[in-house]
Amino acid sequence: MITRTRLATGACALLAALAAGMAFPAGAVADETSATAPKVDLVLDVSGSMRARDIDGQSRMAAAKQAFNEVLDATPEEVQLGIRTLGADYPGDDRRTGCKDTAQLYPVGPLDRTEAKTAVATLTPTGWTPIGPALLKAADDLEGGEGSKRIVLISDGEDTCAPLDPCEVAREIAAKGIGLTIDTLGLVPNTKMRQQLSCIAEATGGTFTSVEHTEELADKVNQLVDRAADPVVTPVATTGADRCAKAPKLESGLYTDREEFGQQRWYRVDVPDGYELRASVSVSADRAVNPSYGLLLRAVTEKGREIVRGEAAGNGRTDVVSTGLRYPREKLESGDGALPPESVCLQVTHSFAPAGGVQTTPGLPLELTIDVVGGPSGSSDVASFGLGRGWWLLGALILTGFLAGLVWGWVSRWRVAVWRTN
């Protein structure tokens, strides 16, 4: 009997040990997944101006609630989502109190859709618009973890709590180097609000979108939440050359470099027969520069012939200027098989000029995106002199004009002949 009891006890202990051995790794995997999960904090303006009824016949607040319900239904399971409000609780006139009115409505973490929807349903347009303080708190909401971090700010007005400038707040967040992106959406924006929200987004590499319809709001927020779930791409550091012949050869990917004032940077990309080169470049001013500047991206052959170019200009309103280009290499029929890849050189030139007394080295940060994708399958898909498929319309217009001219000439001659007869 004692022997049987000991055996039973030993067997139970063995099973418990095996269970524990299997449980701990699973817990470790869960912790690791949680640490790398993408995080999104939706920051919603609930100030008094959200009562305005100018979005599809309903109030801005009602449109935002409807859009949030659709977003919560569509949020991917792997995304940890939270909701923060600004101007939702204090209805008074005391500015100091109103500029502290920001609260976490739903904590960033695994999403309980029913609970989050219930929280959103309780919101009522109330007070001030403390965008700067809300962004600082939202950045704290997203601390920790190694996954992507994104703030989506939805507002219908500019900040009312200066001198805490929300654009400076965004720059401060970007300077921390925590990889946090702020996207902004302006509900029925005016010029001043558009400038402020654009500045906030551009400071962290985010986007600004003007929204005037409920469907647009839901679609855009869904896109931004989905984008947070995309794999994080780490830029590869590279060093461009001073001429095409010495340029480093790049493949599809994201690259960073620095370009000094008055300098050119060259890079090379191989474009196979029947593929398309898509390239974009951004240069940011990380120090004081003169307010007028431009950016040029050229694709040229090894012999120096220009293929296509992209240009952009700025007037000091933003810290970043970007441009891009596309070069589709038509697939040619050859009896000897596929043609060898064409080596295309990319030249990057900017006209930023340093303000007085500003250090010129190191160069300004440059980000280059290269994408070589399957291109047009035939000549009919290639743009011809910038018209593309518009050639069909142009040909139809020419033929119509020619026939109309013939008819008009015949009618004119007939009328003259009748006049002479009479």
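This is a predicted model: local features need pLDDT of at least 70, side-chain atom pairs count only at pLDDT 80 or more; totals for chains, interfaces and linings use all residues.

Reader: Why is Ser198 called buried?

Author: Buried means under 20% relative accessible area, exposed over 50%, and partly exposed in between (1.4 Å probe, protein chains only). Ser198 has a relative accessible area of 16%, so Ser198 is buried. Of the 422 residues of the protein chain, 40% count as buried.

Reader: Where does Ser198 lie, and what is Ser198 in contact with, leaving aside neighbours within four places in sequence?

Author: Ser198 lies in helix H7, residues 191–203. Helices (H or I, at least four residues) and strands (E, at least two) are DSSP runs, numbered from the N terminus. With neighbours within four places in sequence left aside, Ser198 is in contact (heavy atoms within 4.5 Å) with Thr184 and Phe208.

Reader: What makes strand S1 and strand S2 a pair?

Author: Two strands pair if DSSP finds at least two bridges between them. Strand S1 (residues 39–45) and strand S2 (residues 80–86) have seven bridges, in the parallel sense, so they pair. Val43 stands opposite Arg84 in S2.

Reader: Why do strand S3 and strand S6 stand at the edges of their sheet?

Author: Six strands form an open sheet of mixed pairing, in the order S3-S2-S1-S4-S5-S6. Strand S3 (102–109) and strand S6 (208–211) each have a single partner strand, so one side of each is left without a neighbour in the sheet.

Reader: Why is the aromatic pair of Tyr293 and Phe352 called stacked?

Author: Rings of Phe, Tyr and Trp (its six-membered ring) pair if their centres lie within 6.5 Å; planes under 30 degrees apart count as stacked, over 60 as edge-to-face and the rest as tilted. By this rule the count comes to one aromatic pair. Tyr293 and Phe352 are 4.4 Å centre to centre with 20° between the planes, so the pair is stacked.

Reader: What does this pair tie together?

Author: Tyr293 lies in strand S12 (residues 293–300) and Phe352 in the loop between strand S15 (342–350) and strand S16 (364–374), so the pair ties together parts that are 59 residues apart in sequence. Tyr293 is buried at 4% relative accessible area, and Phe352 is buried at 3%.

Terms used. Residues are numbered from 1 along each chain as its sequence is written. Side-chain values use heavy atoms; hydrogens and water are left out.
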